[in-house]
Amino acid sequence: MPTARTWREYPQRYRYEAGVCKGCGKWHFPPRRVCDACKGETFETKAMRRTGKILTYTVIRVPPAPFKDQAPYAVAVVEMDDGPRLTAMVADTGTFELKLGQKVRLEFRRISEDGDRGPINYGYKAVPV
Amino acid sequence: MKVGIVGWGASLPRHRIKVEEIAKVWGADAPSYKKGLGLREKSVPAPDQDVITLSVEAARNALARASQVSAAELGCIYIGSESHPYAVKPSGCTVGEAIGAFPACHVADMEFACKAGSEGMFVAHGLVKAGLVKYGLAIGADTSQGAPGDALEYSAAAGAAAYIMGSEGVVATIDDTFSFTTDTPDFWRREYQHYPQHAGRFTGEPAYFRTVTGASTALLEKAGMKPKDFAYAVFHQPNGKFPMRVGKMLGFTKEQMEIGWLAPRLGNTYSGASPLGLTAILDVAKPGDKIFMCSYGSGAGSDAFVYTVTDKITALQQKGVPTTADQLDKNQIYLQYGEYAKFRRKILKAE
Amino acid sequence: MRDVAIIGAKVTACGELWNRSLRDLFVEAALGAIKDAGVDHIDSMYVGCMSGGLFVGQEHIGALMADYLGQCPVPAMRVESACASGGMALRAGWLHVASGLNDVVLVGGVEKMTDVGGDEATYALATAADQEWEGFNGVTFPGLYAMMAVAHMDRYKTTSKQLASVAAKNHDNGSKNPNAQFPMKVSVEDVLSSVLVADPLHILDCSPITDGAAALILVPADMAKKLSKRPGIKILASTAATDTLALHSRKDLCALEAVAKAAAGAYQQANKKPSDVQVCEVHDCFTIAEIMATEALGFFEKGKGGPAAESGATAIGGKIPVNTSGGLKSKGHPVGASGVSQAVEIVEQLRGEAGARQVKGAKLGMTQNMGGTGASAVVHILEAM
């Protein structure tokens with residue numbers, strides 16, 4: 001993955017910065033240029049709290065190539081306490097005994113890397129609390 | 001101006017491997033390793049954890065305790081490690097970006113075998129004291145590897161400890177320091193080598209013990225203090241035995257050292273070792289307690305510190321931030337050697 | 001707008017077609033459709049192809065196919081909407097005839113997926129999801145549908161057995177289709193005991209990696225008889241809708257809202273209702289997708305798709321036969337071709353030429369094609385003339 005593409009998303013991947021619509025107050029993660037609720041175009045940047053809950057999940061047993069070393073791993077749709085939803089790998093799941101509604105916290109983890117020589121991509125993973 | 005620690009945080013992986021599990025692979029006698037090294041198990045980083053990720057989580061815990069500090073006020077970030085994920089590209093850049101400290105910040109990665117963490121604490125403390133920065137962040141973190149089958153494989157562990165230094169809201173003042181350094185070739189890793197080499201029993205008496213006692217004796221003398229003046233003491237812990245032995249040689253008791261003595265159930269977290277012992281102590285220390293700390297880095301050197309806990313610590317202990325003991329003793333996931341070998345990339349795979 | 005009819009239809013064999021290239025496949029289907037219709041020219045062509053670039057390193061598919069079909073200089077355009085590319089190509093062709101711009105239009109769909117390894121194919125397919133906010137975080141397509149399945153199972157008590165019954169039914173249908181990639185029958189037990197890909201989806205809950213192509217000839221309905229001896233099939237409705245690209249942004253994680261929207265529009269356009277539909281091809285890229293699609297199309301209430309599949313309501317001879325071709329599951333899923341291939345099946349059904357899988361007396365049929373996890377949806381209603 002080209003480094004610039006990941007780099008421009010550090011505010012979201014590292015710090016969970018969302019765009020809060022000044023018109024209707026809806027939180028967007030990642031931020032967008034147009035609010036899908038009220039069509040507003042002005043936003044305030046706010047960092048989401050790191051906590052949320054699992055809405056649905058799966059265990060990936062046949063991973064894409066960059067994730068081979070981590071398989072099998074769980075992935076979940078998480079609803080953050082501030083409202084936005086995101087997709088995240090679930091770290092430290094051990095035996096994958098997850099359940100819907102499980103409270104999680106986003107932690108800073110390695111997501112993937114471009115072989116032994118390329119850049120390491122960092123971002124958020126959900127960790128059960 | 002009293003300068004010292006204004007926030008502390010630890011980050012430990014959940015995964016562990018027991019000495020028995022490693023010993024059975026190599027046909028080694030587990031009971032004698034446990035006795036010889038004074039440890040039962042060690043932490044293992046998950047494949048998605050490294051010095052950067054552990055440092056970020058430790059720093060976040062430190063900032064959560066020192067809630068009056070905004071990350072943007074950190075004037076410097078120093079990360080000490082011998083397992084930085086990149087040979088060239090500072091870990092501190094990613095950590096600072098993740099916690100929101102940039103861009104007005106001085107950043108450097110440090111390396112001095114197991115002493116790199118305390119080096120950052122020493123330098124950050126100095127910069128605050130000199131008035132060059134308002135707050136400074138120092139982290140000791142490692143995900144070190146011992147060569148398969150080597151004695152180091154039983155102890156090389158992972159963890160990070162983060163300290164915010166400052167002069168406002170100090171929870172433990174740094175009253176005095178002493179650094180002791182010589183050229184002592186007890187342990188090294190050459191460029192491009194995956195595993196370190198060590199000089200066997202030479203790592204003991206002429207290296208660890210001479211350096212730690214040298215620094216500690218000098219600091220006690222400089223500060224005009226005696227071991228009995230301290231509520232707690234913590235020493236670098238390459239295994240479970242050395243810190244207890246060196247502490248007793250210096251006149252400290254088991255009771256003073258027990259809280260910060262993590263190696264038996266954590267292993268050697270290298271740059272994180274004595275700093276993590278200190279986070280465990282700060283989690284429980286009372287106002288007025290004096291703490292003695294002495295790190296050790298092969299090569300070789302020690303940084304020694306005298307801290308006095310202030311009455312501001314109680315509020316920070318009650319913030320619900322994960323303690324060192326919580327992370328050490330709860331929710332562990334035990335690995336078999338095969339999983340451990342996969343986690344630590346010891347398996348040769350097709351390109 | 002003019003009424004539009006399909007007068008020619010052709011699908012290639014589906015499978016690992018080692019000796020045929022992307023262009024070979026397309027030309028075989030296109031020539032077949034042209035010959036089936038008996039037309040002597042085409043005015044323009046629309047080619048559905050999801051990812052020529054990632055599967056065979058080839059973009060600029062429209063001109064390439066016009067060239068190798070010997071049709072230069074007719075206008076040709078590739079249409080891309082991930083796995084809905086074929087359905088969207090049909091819609092593009094329909095628009096060109098309905099609008100009066102063209103009289104004879106070729107609609108094709110093609111994908112050559114086996115020139116790359118499994119990892120690369122998985123990656124190419126994953127580009128239909130949100131690469132930055134889903135793919136970056138390790139999720140695969142089976143993983144996304146698996147998460148929809150988990151949500152559906154949680155809310156509606158849908159079972160793995162019900163999912164498996166979709167696969168068993170589609171393989172049963174596919175066993176009667178000479179073009180099917182996997183025409184073998186599989187039992188519910190076979191599906192449940194096959195290896196897990198993304199819990200709770202087993203490998204036999206998933207459609208395969210397939211090479212294949214399909215093509216149709218579209219003309220104004222009132223010219224169908226003059227242009228072709230073959231029975232014309234009228235396109236009563238062509239509708240499309242979109243939803244958020246990322247599954248996590250959906251209001252409801254176990255409903256295909258874009259499909260429901262497109263279907264509602266199609267029923268209105270055709271002046272028909274779900275119970276009028278006698279045969280339907282739905283986008284069963286995974287077994288859960290068929291269950292959710294049959295709910296979104298209004299055949300069953302929300303949450304009732306699972307029990308319905310298990311009861312045999314979607315089998316040939318059931319209340320609403322679904323995926324008589326074997327579906328993407330058994331027939332195969334050459335992604336850019338699937339939407340067109342679905343229409344070919346309905347054309348064969350409405351012509352009464354579907355052989356062993358014929359739905360008796362079928363006069364009204366439907367196709368539902370979607371891209372990603374349902375971010376693109378396209379629905380067509382077809383009727384025998």
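Visitor: Which residue stands opposite Gly19(A) in β2(A)?

Guide: Please keep in mind that this is a predicted model. To read a pairing, one looks across from one strand to its neighbour. Here Gly19(A) stands opposite His28(A) in β2(A). Strand β1 of chain A, residues 17-21, is joined to β2(A) by 2 bridges, and the two strands run antiparallel.

Visitor: In what order do the strands of this open sheet lie?

Guide: The order is β2-β1-β3 in chain A, an open sheet of 3 strands with antiparallel pairing. At the edges stand β2 (27-28) and β3 (43-47) of chain A; each has a single partner strand, so one side of each is left without a neighbour in the sheet.

Visitor: How many bridges join β4(A) to β5(A)?

Guide: There are 8 bridges between β4(A) and β5(A), and these strands run antiparallel. One example is Lys53(A), whose bridge partner in β5(A) is Glu79(A). On to the next pair: β5(A) and β6(A) are also antiparallel, with 6 bridges, and Val78(A) has Leu86(A) as its bridge partner in β6(A).

Visitor: Is β5(A) mostly covered or mostly open?

Guide: A residue is called buried when 20 or more other C-beta atoms lie within 10 Å of its own. By that test 7 of the 8 residues of β5(A) are buried, and the strand is mostly covered.

Visitor: Which strands of chain A each supply at least two residues of the side that touches chain C?

Guide: A contact between chains is read by listing the residues on each side. In this case 25 residues of chain A are in contact with 28 residues of chain C. The strands β4 (51-60), β5 (73-80) and β6 (85-90) of chain A each supply at least two residues of the side of chain A that touches chain C. Of these, β4(A) gives the most, with 6 residues. By class, this side of chain A has 18 nonpolar, 4 polar and 3 charged residues.

Visitor: What is the contact between chain A and chain B made of?

Guide: It takes 15 residues from chain A and 16 residues from chain B. On the side of chain B, two or more residues come from each of α3 (51-65) and α4 (91-99). The most, 4 residues, come from α3(B). By class, that side of chain B has 7 nonpolar, 4 polar and 5 charged residues.

Visitor: Which residues of α6(B) are buried?

Guide: An α-helix has 3.6 residues a turn, so residues three or four places apart point the same way. Among the buried residues of α6(B) are Ala207(B), Thr211(B), Ala215(B) and Leu219(B), together with Tyr208(B), Val212(B), Ser216(B) and Leu220(B). Their packing partners in chain B include β8 (172-184), α7 (241-250) and β13 (299-309).

Note on methods:
Residues numbered from 1 in each chain as written. Chains lettered and ligands numbered in written order. Predicted model: local features only at pLDDT ≥ 70, side-chain atom pairs only at ≥ 80, totals over all residues. Contact = placed C-beta atoms within 7 Å. Nonpolar A, V, L, I, M, F, W, Y, C, P; charged D, E, K, R; others polar. Buried ≥ 20, exposed ≤ 12 C-beta atoms within 10 Å, placed from the backbone. Pairing = 2+ DSSP bridges.
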